[in-house]
Amino acid sequence: MKKVITYGTYDLLHQGHINLLRRAKSLGDYLVVGVTNDSFDRERGKLNVRNNVLERVEAVRKTGYADKIIIEDYVGQKIDDIQKYDIDIFAIGSDWEGKFDYLKEYCKVVYLPRTEGISSTMLRDETTKFIRMGIIGCGRVAKRFPSEANAVSGVKVVAAYDINSNNAHTYAENYTNIIPYNNIHDFYNTIDAVYISTPHLQHYDNIKKSILFKKHVLCETPMLLNGGQARELYELAESQSVVLMEANKTAHCPAFNHLMVMIKSGVIGEVVDIEASLSQLLDKNGREFDQKQAGGALFEQGSYPLLPIFKLCGIDYLNLNLYSKMEDGVDIYTRGVFRYPKATCSFKVGLGVKTEGSLVISGTKGYAYVPAPWWKTDYFELRYEDQNENKKYFYKWDGYGLRYEIQEFISCIVNNRYSSARLRRRESIQMATVMEQFINGLNLYII
């Protein structure tokens, strides 16, 4: 059997892609197609926003030409794949002529003619409608947003609003294309979507008003501190045909997503324990220590360690106990312990207590280890009893990481998706429910 392999992004799958796949298939008996993972396209300097990797895999599958579809995750993978799948021919479009000659050491390399007059870039340029975004809340976090949005195609930050108009005007002075608004109605009239980075207790009103103005909403994490409110707003958003998404940058980080997929595929066996920690030693005069502004470690940091727990073990836990050290009405340290039917999970967060900020996922065959700061995942290991089987994975974390969540947000808008598999609505709602449990003092023990 003669095996052929080819690679591509396959964004906005078109007749040119189909022709290439057909030509590649005709070279042999079995075609392996590598689909490039969601990642920063350094050639264009933009993140692909039209189709996520799952949508692109499904599009390739529907052509009927691929006998096997794999995900291309890292530099150098082509050589590994050629050897792993015993490939005879590597095929790629002629616009890459000569670029893959180094693979001739491993198999035959064929450059296939491309279909003239059509390309993903051309289609993207012809059909791209820029999403005009505005920012509500012009504080510390919002300062990172414009430069991160600039790394994503299909989005422009054009407006800023703050309850303190001076903040909005001061903020806009640093950006040539952002106009500050004193009137919230004028602000909404100039945008399609909004990024909310106000203090936690303002989120509910900011989100609801934005949705009622039929604007798509990306809200900083924790999105809400009440599970019922979170459910209400997600339902309201869908009824208004707009996207509501929680801006948890770790959820959209390429390395973290790869780790989650690998764990779910069974590489470490059945997950029986997860330990996730995150801590910072901050100035106690800041907002994070103000009870009236919903300060404290759990509200400020809790959504991050809750993420891998809910992604891997789900939201149907039997109980959650919380243990907190309090100062002036806020928790400077909280530990949470979940009991699941077949697993136990724990997390630690701290603003006035320092701990090792790692992530450990224990399974029946091995475990995954992500060193501090794990929430900014760019490296992880899979470790086994036989150390010869251990594997290390390296990634690049670009910028502040906000570009990944912005990319998914814009993709959801363009493709009319109301939920992202990277952070599902039910997971976001459950995060808010944990915050609500803390507020109500349920199973909360002061240490």
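Mentor: Start with asparagine 443, which is found in the loop between H14 and strand E22 (444-446). Helices (H or I, at least four residues) and strands (E, at least two) are DSSP runs, numbered from the N terminus. This is a predicted model: local features need pLDDT of at least 70, side-chain atom pairs count only at pLDDT 80 or more, and totals for chains, interfaces and linings use all residues. Residues are numbered from 1 along each chain as its sequence is written, and side-chain values use heavy atoms, with hydrogens and water left out.

Trainee: What is the phi of asparagine 443?

Mentor: Most residues other than glycine have a negative phi, and most peptide bonds are trans. Asparagine 443 is not a glycine, yet its phi is positive, about 55°. Asparagine 443 is partly exposed, at 29% relative accessible area. Buried means under 20% relative accessible area, exposed over 50%, partly exposed in between (1.4 Å probe, protein chains only).

Trainee: Where is asparagine 416?

Mentor: Look in the loop between helix H13 (402-414) and helix H14 (425-440). Asparagine 416 has a positive phi of about 55°. Asparagine 416 is exposed, with a relative accessible area of 62%.

Trainee: Now the peptide bonds. Is the one from threonine 221 to proline 222 cis or trans?

Mentor: That bond is cis, with omega near -5°. Proline 222 sits in the loop between strand E12 (216-220) and helix H9 (227-239).

Trainee: Which kind of peptide bond joins alanine 372 and proline 373?

Mentor: A cis bond, with omega about -5°. Find proline 373 in the loop between strand E19 (366-370) and strand E20 (379-384).
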